[in-house]
Amino acid sequence: MKSMGEMLLRREAFAEIVMGNTALVRAMVVAGTQVVTAYPGSPTPEIATAILSIPADRRPFYFEFSTNEKVATEVAYGASVNGHLATVFFKSVGLNVAADTFVQLSLMNLMGGLVVVLGDDPGANSSQNEQDNRHYAQLAYTPVIEPADPAEVYSFYIEAARLSRQLRMPVILRLTTHVCHAKQKVRFPAWQPPAQVDRTPRFDVGNGPYIPLPFSVPELKQRALGRLEAVRGQAVACGLHRFVDHGNRQRGVIAWGLPFLSLLDALGDVQPKPDILKLGIVYPLDHGQIAAFLDEHQEVLVLEELDDLLEKEIKAKAYDLGLRTKIVGKLDAGDWIGEYTADKVKGILHKLWPDLVPAPPEIALNVAVPDRPPQMCPGCGHRSAFHAIKQALAADDITVADIGCHTLGYLPPYELGQLLMCMGASPGIGAGMSLFNTNRRVLVFMGDSTFYHAGLPGTINALHNRHNLTMIVMENGTTAMTGHQDHAGSGRNINGPAPKLPIRKILEGLGVEAIFETDTYQQRQLTDLVRKAMAVEGFSVVIARHPCMLKFTREARRKPGFEPRRVDIDQETCERIHACVAVFGCPTFTRLPDGQIEINPDLCIGDGSCIQTCPTQAITKPAKTGA
Ligand SMILES: Cc1ncc(C[n+]2csc(CCOP(=O)(O)OP(=O)(O)O)c2C)c(N)n1
């Protein structure tokens, strides 16, 4: 089998089983995309994995991870007005960060085109909410194209790029977790790379205005609205909508995205099957086709995941046209939360049409499945940090978590982090908590990637407004939680070596006077420094540093001569105090029924950070396992 990189550049037609995220990259190549920017976040990181599988010197487009989603959108915008087809991708909540720029895009002439790929997350599989980003599309007069499977991810991106270039407007390709991660055999057509790639910079101020001064806004908005109408007008010709004719003029369903696939699954061999109008462009809606579908059926279900945007619009249109079709949906099914999986859709169909779809069988899981709570990896520097920091805190100190692997510090046994919001929010929230707070000290956590992403403004605010709080920067040298992407402190970017912007230097440059710093494996020293920092009147920072051990160990394993190590327990010395399990909480340790502690050799990486946590020194030095 050829490598993924070679597959993505193949010239002849081929069929391959690929993820939605991989199919997207083939589409970027074929559509002639020239600039791709991103900030990592589930469900999109495998897009970057696929891009990086193409060797840098053969990659047909420029790619970068930008500092955050707003910057990524701005880089893509700049490239687009310069004439290059650009794409930006990020996760659902990334659009909140990008929003200030994103909402302006439709006012501009995007000469090269710009596709905004959104990884929405119904079900909040890996997000702090399950926001429906179609609301933003309406707010920003931006069309939304929504594929259901990897084959459609490929063809819909190509259509999104075409529309965007033709109309010089942003187009959203809205993916959801299932669509990103689903695998399917996709038939990819042949691709002929252009004999000469045209990278001529074409910025011309005459294509503007690119300065949305108040007096020009109405005109620019008018143009944006006109472009939306142009998309509406092309909706049928684009060929992205499909009519699945079951010859049933009694009942019909309007569906798209994952709910469409779930519908096919849920219907199984139900007869008579409802007709289905499968949409591809979900904003703006093609009213003509929808009105005809409504008119042809006595009852139509709008099968809509998350919010009822289309249902409302379709009902309003039916009212305007005086159609008598009964339209059912969210208000009848009452299902507003989570992914529309096949089981869920079966339940909805049964609730609305019990004569057609039988009640889904109750699934009684009698199998005892062990709990798998999320946890930090063996050897994680964050664990040592939490263990040490906890010793320095009083019971009523307030601790504010931030987003990243270190969020897991809120779990037992550490229980550090009583509030959490979104990336970079901790110093701001901590500042608010510290106001009028004379007897409870405030400590906030922040990851290093987050510091660059959205942490700086809150940090500057804490300093500028003299807030009384301590910030712990959990510096592990990478964006760990989303798969080890580099950041501005890594000394590397996706394309090679890059200037390193040390957090300490930035803090010093800002004028933070109380900065303390240590490796988190120096647990006693870290406890000491946190005590000192919290005694400071005003804003203080402790940089708690240790490389991400998952990344470190993976890299070490690839080196020749690598020998695995693990710690051992001297059962004679062990007094069954169990601090290693109950206080330090490394998953490597198991307490056996007789009180002995066992080490799981598959988990232990022999880092030895646990040794100092044992009151009787029963944990012995890492030994080479010879395994
Ligand atoms: C606005 C936004 N963008 C992206 C994400 C996805 N995300 C969750 S954790 C995280 C990485 C945090 O990295 P860092 O701050 O270095 O902490 P670490 O995981 O390394 O401990 C990212 C990018 C998110 N939750 N919100």
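**A walk through the predicted model**

Strand β6, residues 144–145, pairs with β12 in the antiparallel sense, over two bridges. Within this pair, Val144 stands opposite Tyr283 of β12.

Is Ile145 buried or exposed? Ile145 counts as buried because 26 other C-beta atoms lie within 10 Å, and the cut-off for a buried residue is 20 or more. Setting aside residues up to four places away in sequence, Ile145 touches Phe156, Glu159, Ala160, Val171, Ile172, Leu173, Leu240, Gly280 and Ile281. Leu225 is 80 residues from Ile145 in sequence. In space, the two are 17 Å apart, C-alpha to C-alpha.

Strands β2 and β3 pair in the parallel sense, over four bridges. Val36 has Phe63 in β3 as its bridge partner. Strand β2 covers residues 35–38. Val35 and Thr37 point one way from β2, while Val36 and Ala38 point the other way. These four residues are all buried.

Further along the order come β4 and β5. Strand β4, residues 86–91, runs parallel to β5, and six bridges join the two. Phe90 has Leu118 in β5 as its bridge partner. How many residues of β5 (114–120) are buried? Seven of its seven are. Both faces of β5 are covered. Leu114, Val116, Leu118 and Asp120 lie on one side. Val115, Val117 and Gly119 lie on the other.

The sheet leads on to the nonpolar cores. In soluble globular proteins, nonpolar side chains tend to be buried together. Here the largest nonpolar core has 113 residues. Tyr157, Leu173 and Ile254 have the most contacts inside it. Helix α7 (residues 150–167) gives the most to this core, with eight residues. Leu173 shows how the parts meet. Leaving aside neighbours within four places in sequence, Leu173 is in contact with Val115, Val117, Ile145, Phe156, Tyr157 and Ala160. A second, separate core has 38 residues. Among them are Ala385, Ala388, Leu529 and Val530.

The domain assignment divides the protein chain into domain 1 (4–234), domain 2 (242–352), domain 3 (381–553) and domain 4 (563–624). Helix α14 spans residues 342–352. Which of its residues are buried? They are Lys344, Val345, Lys346, Ile348 and Leu349. An α-helix has 3.6 residues a turn, so residues three or four places apart point the same way. The elements that cover the buried residues of α14 include α10 (257–267) and α13 (330–333).

Domains 3 and 4 come next. Their C-alpha centres lie 28 Å apart. Eight residues of domain 3 are in contact with 10 residues of domain 4. On the side of domain 3 that touches domain 4, α15 (381–392) and α20 (549–558) each supply at least two residues. Helix α15 gives the most to that side, with three residues. By class, the residues on this side of domain 3 are three nonpolar, four polar and one charged.

Last, the ligand. How many residues surround it? The shell has 23, and the closest are Gly41, Gly404, Gly447, Ser449 and Ala480. Helices α5 (94–105) and α17 (448–464) are the elements that give two or more residues to the shell. Of the elements, α17 gives the most, with three residues. The shell has 10 nonpolar, 11 polar and two charged residues. Domain 1 and domain 3 each contribute at least three residues to the shell around the ligand.

Terms used
Residues numbered from 1 in each chain as written. Predicted model: local features only at pLDDT ≥ 70, side-chain atom pairs only at ≥ 80, totals over all residues. Core = buried A, V, L, I, M, F, W, Y, C linked by C-beta atoms within 7 Å. Buried ≥ 20, exposed ≤ 12 C-beta atoms within 10 Å, placed from the backbone. Contact = placed C-beta atoms within 7 Å. Near = placed C-beta within 6 Å. Nonpolar A, V, L, I, M, F, W, Y, C, P; charged D, E, K, R; others polar. Domains from an automatic or database assignment. Pairing = 2+ DSSP bridges.
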